[in-house]
Amino acid sequence: PLARIPFEGVEGSPCAIWAPDGRWAAFGGDGEVLVVDTETAEVRRLAGYDPTDLEWRPGTDELAITGRARPGHFVGDNAPITVYTVSTGETRTLGDVDAVELTWSPDGSTLAYTQAIPGAPDTKSGITLIDADGTDPRPLTTEDHVTHHGIGITPPPRGDQIAYQRERADCTGDACFE
């Protein structure tokens, strides 16, 4: 059955993403992240976030959030990565990195992230990997890239590669995207 749960303050926010178990959905609202139990219609409101990216960790009930509102920062700026655990209601900061885009590896052991380049909000840093506990950051790519239309980093189901879109700086036109 189709359930309709009306919300205020979510116009223009990221689309909902489903938890791995299919029970929960999460999406950004006006200064908050909404986590919805699709079986009971319970809505959990995590205030103080203007998310640029939300990603469920595969095989868990953990939601990674980046885009926490901070004084002097704007939506789209780098922000700490927060992990919210549905079963306990607890949040924790993942390491000491700031990010703007993120995605989990298919096995949930690694998180890939990019950072916005200050003064160039559409330009992202190279891709960095970090372990699920927030340790061992390591660069995967070093070149900066421009993301368009919300296309960030995407792992395939096998988890042995990462796809991302970048704009080449040495040309013009549609052929400049790789």
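## Surface and overall make-up

The protein chain exposes about 9,700 Å², of which carbon and sulfur atoms supply 51%. The structure is a predicted model. Its secondary structure consists of 15 strands and 0 helices.

Of the 178 residues in the protein chain, 39% are buried. Among contacts between residues at least 6 apart in sequence, 30% join residues at least 24 apart.

## The nonpolar cores

In soluble globular proteins, nonpolar side chains tend to be buried together. In this model, the largest nonpolar core has 13 residues. Val33, Val35, Leu46, Trp56, Leu63 and Ile65 have the most contacts inside this core. Two or more residues are given to the core by each of the strands β2 (24–28), β3 (32–37), β5 (49–56) and β6 (62–68). Strand β5 provides the largest share, 3 residues.

Leaving aside neighbours within four places in sequence, Val35 is in contact with Trp24, Ala25, Ala26, Glu42, Val43, Arg44, Leu46, Trp56, Leu63, Tyr84 and Val86. A second, separate core of 12 residues includes Ile81, Leu111, Ile130 and Ala132.

Thr128 lies in strand β13, which covers residues 128–131. Thr128 has a relative accessible area of 15%; because buried means under 20%, this residue counts as buried.

Beyond its neighbours within four places in sequence, Thr128 is in contact with Leu111, Ala112 and Tyr113, and also with Pro137, Arg138, Pro139 and Leu140. One of these partners, Leu111, is also included in the second core.

How values were computed
Residues are numbered from 1 along each chain as its sequence is written. This is a predicted model: local features need pLDDT of at least 70, side-chain atom pairs count only at pLDDT 80 or more; totals for chains, interfaces and linings use all residues. Side-chain values use heavy atoms; hydrogens and water are left out. Helices (H or I, at least four residues) and strands (E, at least two) are DSSP runs, numbered from the N terminus. Buried means under 20% relative accessible area, exposed over 50%, partly exposed in between (1.4 Å probe, protein chains only). Contact means heavy atoms within 4.5 Å. A nonpolar core is a set of buried Ala, Val, Leu, Ile, Met, Phe, Trp, Tyr and Cys residues joined through side-chain atoms within 4.5 Å. Accessible areas come from the Shrake-Rupley method with a 1.4 Å probe; for residues, only the protein chains shown count as cover.
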